[in-house]
Amino acid sequence: MRLVFSLLRMVNQQAVSDLPIWSNLIMKTLIGAIVLIFTLILVPAITNAMWVKLTDIELVKQSDVIITAELIGNTQVTINQAKTVIGILKVEEVLKGDKNQTVILLAIPSPEGPLKSDDIFYKTGQNGLWFLRERKTKGESGIYLADHPQSFITIEHAGGQIKRIQKILEDKGATGSLN
(Lines give C-alpha, C1' and ligand atoms only; values in the text may rest on other atoms or scores of the structure.)
Protein backbone atom coordinates (compact mmCIF):
# COMPACT_ATOMS: atom_id res chain seq x y z
CA MET A 1 0.00 0.00 0.00
CA ARG A 2 2.85 2.39 0.84
CA LEU A 3 4.44 1.57 -2.49
CA VAL A 4 1.24 2.55 -4.32
CA PHE A 5 1.08 5.88 -2.50
CA SER A 6 4.78 6.57 -3.14
CA LEU A 7 4.41 5.87 -6.84
CA LEU A 8 1.30 8.03 -7.08
CA ARG A 9 3.07 10.85 -5.24
CA MET A 10 6.04 10.68 -7.65
CA VAL A 11 3.76 10.63 -10.71
CA ASN A 12 1.74 13.50 -9.26
CA GLN A 13 4.85 15.66 -8.64
CA GLN A 14 6.19 15.02 -12.16
CA ALA A 15 2.80 15.65 -13.77
CA VAL A 16 2.20 18.83 -11.79
CA SER A 17 5.51 20.41 -12.75
CA ASP A 18 4.95 19.89 -16.51
CA LEU A 19 1.29 20.99 -16.88
CA PRO A 20 -0.56 24.33 -16.86
CA ILE A 21 -2.45 25.25 -13.65
CA TRP A 22 -5.92 24.05 -14.79
CA SER A 23 -4.41 20.75 -15.89
CA ASN A 24 -2.74 20.41 -12.47
CA LEU A 25 -6.16 20.59 -10.82
CA ILE A 26 -7.56 17.90 -13.15
CA MET A 27 -4.51 15.68 -12.60
CA LYS A 28 -4.73 16.03 -8.81
CA THR A 29 -8.42 15.16 -8.93
CA LEU A 30 -7.74 12.14 -11.13
CA ILE A 31 -4.93 10.92 -8.88
CA GLY A 32 -7.15 11.45 -5.81
CA ALA A 33 -9.86 9.34 -7.45
CA ILE A 34 -7.33 6.58 -8.20
CA VAL A 35 -6.14 6.61 -4.58
CA LEU A 36 -9.76 6.41 -3.39
CA ILE A 37 -10.47 3.45 -5.68
CA PHE A 38 -7.34 1.62 -4.49
CA THR A 39 -8.31 2.29 -0.87
CA LEU A 40 -11.85 1.00 -1.37
CA ILE A 41 -10.56 -2.13 -3.10
CA LEU A 42 -7.81 -2.89 -0.59
CA VAL A 43 -9.68 -2.09 2.62
CA PRO A 44 -12.61 -4.45 3.13
CA ALA A 45 -15.84 -2.88 4.27
CA ILE A 46 -16.78 -5.76 6.56
CA THR A 47 -18.08 -5.45 10.08
CA ASN A 48 -18.33 -8.29 12.54
CA ALA A 49 -21.20 -9.08 14.82
CA MET A 50 -20.37 -9.10 18.50
CA TRP A 51 -21.92 -11.62 20.84
CA VAL A 52 -22.12 -11.76 24.59
CA LYS A 53 -21.79 -15.20 26.16
CA LEU A 54 -25.05 -16.11 27.87
CA THR A 55 -25.42 -18.19 31.00
CA ASP A 56 -27.66 -21.27 30.92
CA ILE A 57 -30.32 -19.36 32.87
CA GLU A 58 -30.23 -16.48 30.36
CA LEU A 59 -30.51 -18.96 27.47
CA VAL A 60 -33.55 -20.57 29.10
CA LYS A 61 -35.17 -17.17 29.78
CA GLN A 62 -34.62 -15.94 26.21
CA SER A 63 -35.81 -19.16 24.55
CA ASP A 64 -39.44 -19.84 23.72
CA VAL A 65 -38.60 -23.44 22.80
CA ILE A 66 -35.69 -25.66 23.83
CA ILE A 67 -35.40 -28.96 22.00
CA THR A 68 -33.06 -31.67 20.86
CA ALA A 69 -33.61 -32.05 17.14
CA GLU A 70 -32.06 -32.67 13.75
CA LEU A 71 -32.22 -30.25 10.83
CA ILE A 72 -33.62 -32.59 8.16
CA GLY A 73 -33.99 -30.14 5.29
CA ASN A 74 -34.96 -26.68 4.17
CA THR A 75 -37.06 -24.99 1.54
CA GLN A 76 -37.60 -21.49 0.23
CA VAL A 77 -41.08 -20.02 0.69
CA THR A 78 -42.66 -16.61 0.26
CA ILE A 79 -44.09 -15.08 3.42
CA ASN A 80 -45.56 -11.55 3.29
CA GLN A 81 -44.06 -11.03 -0.19
CA ALA A 82 -40.55 -11.86 1.10
CA LYS A 83 -38.59 -14.95 0.14
CA THR A 84 -37.64 -16.86 3.28
CA VAL A 85 -35.61 -20.02 3.77
CA ILE A 86 -37.32 -22.33 6.27
CA GLY A 87 -35.43 -25.19 7.87
CA ILE A 88 -37.31 -28.21 9.18
CA LEU A 89 -36.25 -29.50 12.59
CA LYS A 90 -37.30 -33.06 13.46
CA VAL A 91 -37.87 -32.90 17.21
CA GLU A 92 -36.47 -35.68 19.36
CA GLU A 93 -37.12 -34.22 22.84
CA VAL A 94 -38.81 -31.06 24.07
CA LEU A 95 -37.25 -29.50 27.16
CA LYS A 96 -39.26 -26.28 27.02
CA GLY A 97 -42.36 -25.64 24.93
CA ASP A 98 -45.21 -27.76 23.57
CA LYS A 99 -44.29 -31.35 24.45
CA ASN A 100 -46.38 -32.66 21.52
CA GLN A 101 -44.38 -30.90 18.79
CA THR A 102 -42.65 -33.25 16.38
CA VAL A 103 -41.52 -30.66 13.82
CA ILE A 104 -40.38 -27.04 14.21
CA LEU A 105 -39.95 -24.50 11.42
CA LEU A 106 -36.69 -22.57 11.62
CA ALA A 107 -36.05 -19.35 9.68
CA ILE A 108 -32.49 -19.42 8.40
CA PRO A 109 -30.57 -16.85 6.34
CA SER A 110 -30.56 -17.40 2.60
CA PRO A 111 -27.11 -18.17 1.20
CA GLU A 112 -28.22 -16.41 -1.99
CA GLY A 113 -29.33 -13.14 -0.40
CA PRO A 114 -27.28 -10.28 0.96
CA LEU A 115 -25.17 -11.48 3.88
CA LYS A 116 -25.13 -9.78 7.27
CA SER A 117 -22.40 -10.10 9.84
CA ASP A 118 -24.79 -11.70 12.32
CA ASP A 119 -26.07 -14.43 9.96
CA ILE A 120 -25.62 -17.95 11.28
CA PHE A 121 -25.95 -20.81 8.81
CA TYR A 122 -26.94 -24.38 9.62
CA LYS A 123 -26.51 -27.52 7.51
CA THR A 124 -28.91 -30.35 6.89
CA GLY A 125 -28.04 -33.22 9.24
CA GLN A 126 -26.98 -31.05 12.18
CA ASN A 127 -28.30 -32.71 15.31
CA GLY A 128 -28.19 -31.22 18.77
CA LEU A 129 -29.64 -28.94 21.40
CA TRP A 130 -31.53 -25.94 19.99
CA PHE A 131 -32.50 -22.77 21.90
CA LEU A 132 -35.17 -21.10 19.76
CA ARG A 133 -36.96 -17.77 19.85
CA GLU A 134 -40.24 -17.28 18.03
CA ARG A 135 -39.91 -14.93 15.08
CA LYS A 136 -42.14 -11.94 15.75
CA THR A 137 -43.00 -10.87 12.21
CA LYS A 138 -46.40 -9.35 11.49
CA GLY A 139 -48.95 -11.90 10.39
CA GLU A 140 -47.00 -15.07 11.10
CA SER A 141 -46.51 -17.50 13.93
CA GLY A 142 -44.85 -20.83 14.46
CA ILE A 143 -41.53 -19.90 12.84
CA TYR A 144 -38.49 -19.82 15.10
CA LEU A 145 -34.99 -18.32 15.07
CA ALA A 146 -31.65 -19.75 16.19
CA ASP A 147 -29.81 -16.47 15.80
CA HIS A 148 -27.18 -16.54 18.54
CA PRO A 149 -24.00 -18.66 18.46
CA GLN A 150 -25.21 -20.45 21.59
CA SER A 151 -28.58 -21.29 19.99
CA PHE A 152 -27.24 -24.61 18.75
CA ILE A 153 -24.91 -27.11 20.42
CA THR A 154 -24.03 -30.37 18.70
CA ILE A 155 -25.42 -33.48 20.35
CA GLU A 156 -21.86 -34.67 21.07
CA HIS A 157 -21.22 -31.58 23.21
CA ALA A 158 -24.71 -31.08 24.65
CA GLY A 159 -24.97 -33.88 27.23
CA GLY A 160 -23.92 -31.87 30.27
CA GLN A 161 -25.81 -28.80 29.16
CA ILE A 162 -29.03 -30.78 28.63
CA LYS A 163 -28.82 -31.95 32.25
CA ARG A 164 -28.19 -28.37 33.46
CA ILE A 165 -31.13 -27.05 31.42
CA GLN A 166 -33.43 -29.79 32.77
CA LYS A 167 -32.36 -28.86 36.32
CA ILE A 168 -33.00 -25.15 35.68
CA LEU A 169 -36.46 -25.95 34.29
CA GLU A 170 -37.24 -28.29 37.22
CA ASP A 171 -36.19 -25.57 39.68
CA LYS A 172 -38.34 -23.06 37.80
CA GLY A 173 -41.30 -25.44 38.06
CA ALA A 174 -40.78 -25.74 41.80
CA THR A 175 -40.24 -22.03 42.46
CA GLY A 176 -42.17 -20.44 39.59
CA SER A 177 -39.27 -18.22 38.48
CA LEU A 178 -35.79 -18.37 37.05
CA ASN A 179 -33.10 -16.90 39.27
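Begin with the whole chain and its contacts. Among contacts between residues at least 6 apart in sequence, 60% join residues at least 24 apart. The model on display is a predicted one.

**The overall view**

Colour the chain by secondary structure. Then switch to a surface display. The protein chain exposes about 12000 Å², and carbon and sulfur atoms supply 59% of that area. Of its 179 residues, 31% count as buried.

Return to the cartoon and select strand 2 (82-96) and strand 3 (103-108). These two strands run antiparallel and are joined by six bridges. They form a hairpin with six residues between them. Within the turn, select Gly97, which has a positive phi of about 120°.

Now select Ala107. In which strand does the bridge partner of Ile86 lie? The partner is Ala107, and it belongs to strand 3. Ala107 also has a bridge partner in strand 5, namely Leu145. Strand 3 and strand 5 pair in the parallel sense, over three bridges.

In soluble globular proteins, nonpolar side chains tend to be buried together. To see the largest nonpolar core here, show the side chains of Ile67, Leu89, Ile104, Leu106, Tyr122, Trp130 and Leu132; of the 18 residues in this core, these touch the most other members. Strand 1 (65-79), strand 2, strand 3 and strand 4 (127-134) each supply at least two residues of the core. Apart from it lies another core, of 13 residues, including Leu95, Ala158, Ile162 and Leu169.

Keep Tyr122 selected. Is this residue buried or exposed? Tyr122 counts as buried because its relative accessibility is 12%, under the 20% cut-off. Leaving aside residues up to four places away in sequence, Tyr122 touches Leu71, Leu106, Ile108, Trp130, Ala146, His148, Ser151 and Phe152.

The structure holds three aromatic pairs. In one of them, the rings of Tyr122 and Phe152 have centres 5.9 Å apart and planes at 75°, so the pair is edge-to-face. The pair links distant parts of the chain: Tyr122 lies in the loop between strand 3 and strand 4, whereas Phe152 lies in strand 6, 30 residues apart. Phe152 is also buried, with a relative accessible area of 12%.

**The salt bridges**

A search of the whole structure finds three salt bridges. Select Arg164 and Asp56 for one of them: their side chains meet at 2.7 Å, N to O. Arg164 belongs to helix 4 (residues 155-175) and Asp56 to helix 3 (residues 56-62), 108 residues apart, and the pair links distant parts of the chain. Arg164 is partly exposed, with a relative accessible area of 44%, whereas Asp56 counts as buried at 16% relative accessibility. Which residues surround Asp56, not counting residues up to four places away in sequence? Asp56 touches Gln161, Arg164, Ile165 and Ile168.

Next, select Asp147 and Arg133, which form a salt bridge with their closest N and O atoms 2.4 Å apart. Asp147 lies in the loop between strand 5 (143-145) and strand 6 (152-154), and Arg133 lies in strand 4, so the pair ties together parts that are 14 residues apart in sequence. Asp147 is partly exposed, with a relative accessible area of 29%; Arg133 is partly exposed too, at 32%.

Finally, select Asp171 and Lys167, whose side chains meet in a salt bridge at 3.3 Å, N to O. Both residues lie in helix 4, four residues apart, about one turn of the helix. Asp171 has a relative accessible area of 36% and is partly exposed, and Lys167, at 47% relative accessibility, also counts as partly exposed.

Notes:
Residues are numbered from 1 along each chain as its sequence is written. This is a predicted model: local features need pLDDT of at least 70, side-chain atom pairs count only at pLDDT 80 or more; totals for chains, interfaces and linings use all residues. Side-chain values use heavy atoms; hydrogens and water are left out. A nonpolar core is a set of buried Ala, Val, Leu, Ile, Met, Phe, Trp, Tyr and Cys residues joined through side-chain atoms within 4.5 Å. Buried means under 20% relative accessible area, exposed over 50%, partly exposed in between (1.4 Å probe, protein chains only). Contact means heavy atoms within 4.5 Å. Accessible areas come from the Shrake-Rupley method with a 1.4 Å probe; for residues, only the protein chains shown count as cover. A salt bridge is a side-chain nitrogen of Lys or Arg within 4 Å of a carboxyl oxygen of Asp or Glu. Rings of Phe, Tyr and Trp (its six-membered ring) pair if their centres lie within 6.5 Å; planes under 30 degrees apart count as stacked, over 60 as edge-to-face and the rest as tilted. Two strands pair if DSSP finds at least two bridges between them.
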